[in-house]
Amino acid sequence: MPIDMSTSRHDVTASPSAQSTAQPTARSTAAPPARPAAQTTAQLRRTHDDAPDTARRFARLVALEDGPERDALRDEIVTAWLPMAHRIAGRFRDRGEATEDLRQVAALGLVKAVDRFDPERGAFESYAVPTITGEIKRHFRDRMWALRVPRRVQELRNKVRVARRELAQAPGAPEPSVADLAAHTGLTEDEVVAGLEALESFSTLSLDAELPAGDDGYSLADTLGATDASFDTVVDRESAKEGLRRLPERERAILYMRFFEDMTQSRIADRLGISQMHVSRLISRSCERVRQEALR
């Protein structure tokens with residue numbers, strides 16, 4: 001009698017004993033569950049939870065024209081990467097700047113990274129991290145100095161700071177001298193001195209700060225001199241010299257008698273044999289001419 005070998009689920013019904021015997025066997029020979037398709041190699045390499053997968057969104061962003069849809073997608077990408085920007089900002093805490101301000105600077109760097117990123121040139125995180133870090137460092141360089149220091153001096157400061165740290169790493173090493181720092185950095189001793197002064201000049205000292213003990217509570221402002229009012233007089237005299245030299249001799253004499261000998265116009269008129277009105281006109285004309293010469 002022929003036997004039907006069909007394995008259709010509708011035609012075959014196993015007995016309870018057969019089912020109980022088959023189930024452990026199936027469990028013991030089953031292969032381990034496969035990884036979900038979404039868990040790619042790139043995701044396994046991630047070391048931070050704040051690195052989202054935005055590759056498809058960047059591809060769409062590049063393809064879109066300027067408009068509301070592109071702006072919305074750009075904002076979405078920036079929001080997704082914002083935790084990473086905040087993490088980078090946290091590396092620079094305790095350096096005299098408020099954490100919230102650092103986060104704002106990092107967010108600005110993130111926006112610049114999103115706008116400049118080319119998806120065909122690699123992963124976004126590799127491009128964004130140095131961009132955000134550079135923006136924060138630029139903030140410290142340009143905004144955190146109490147006084148505006150030339151960039152060249154700031155670079156000298158950084159070189160001297162690194163060199164001093166490297167020379168002091170050896171156990172028992174003494175504090176490096178100016179000559180040691182110059183030899184290590186290749187700078188001149190004058191440049192090293194400028195860098196050392198900049199190291200101590202990141203912030204200013206208030207003029208109301210008290211001087212060290214023993215100075216009877218005087219402040220720094222008490223040690224500063226006041227502007228000498230005679231400086232303006234010196235400037236005015238030097239400016240008027242050339243104009244006075246160009247005046248006729250009689251007019252120079254009239255000005256000398258009026259302003260240096262303190263003579264009245266009547267006495268000047270009597271000495272020169274002219275009218276007082278004429279003396280007044282000569283004085284006015286001469287002063288105006290000297291003034292115009294000084295203002296040139």
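Between which two helices does the loop with Asp262 lie? Asp262 lies in the loop between α11 (249–259) and α12 (265–272), where helices are DSSP runs of H or I with at least four residues, numbered from the N terminus. This is a predicted model, in which local features need pLDDT of at least 70 and side-chain atom pairs count only at pLDDT 80 or more, while totals for chains, interfaces and linings use all residues. Residues are numbered from 1 along each chain as its sequence is written, and side-chain values use heavy atoms, with hydrogens and water left out.

Asp262 has a phi near 55°, a positive value in a residue other than glycine. Most residues other than glycine have a negative phi. Because its relative accessibility is 61%, Asp262 counts as exposed (over 50%, whereas buried means under 20% and partly exposed lies in between, with a 1.4 Å probe and protein chains only).

The nonpolar cores are sets of buried Ala, Val, Leu, Ile, Met, Phe, Trp, Tyr and Cys residues joined through side-chain atoms within 4.5 Å.

| Core | Residues in core | Including |
|---|---|---|
| Largest core | 24 residues | Phe58, Trp81 and Leu110 |
| Another core, apart from it | 13 residues | Ala240, Ile254 and Leu282 |

In the largest core, Phe58, Trp81, Leu110, Val114, Phe124, Ile132 and Ile136 touch the most other members. The elements giving two or more residues to this core are α3 (55–63), α4 (68–90), α5 (99–116) and α6 (124–143), and α4 supplies the largest share, 8 residues.

Elsewhere, Ser239, Ala240, Gly243 and Leu244 in α10 meet Val290, Glu293 and Ala294 in α13, contact being heavy atoms within 4.5 Å.
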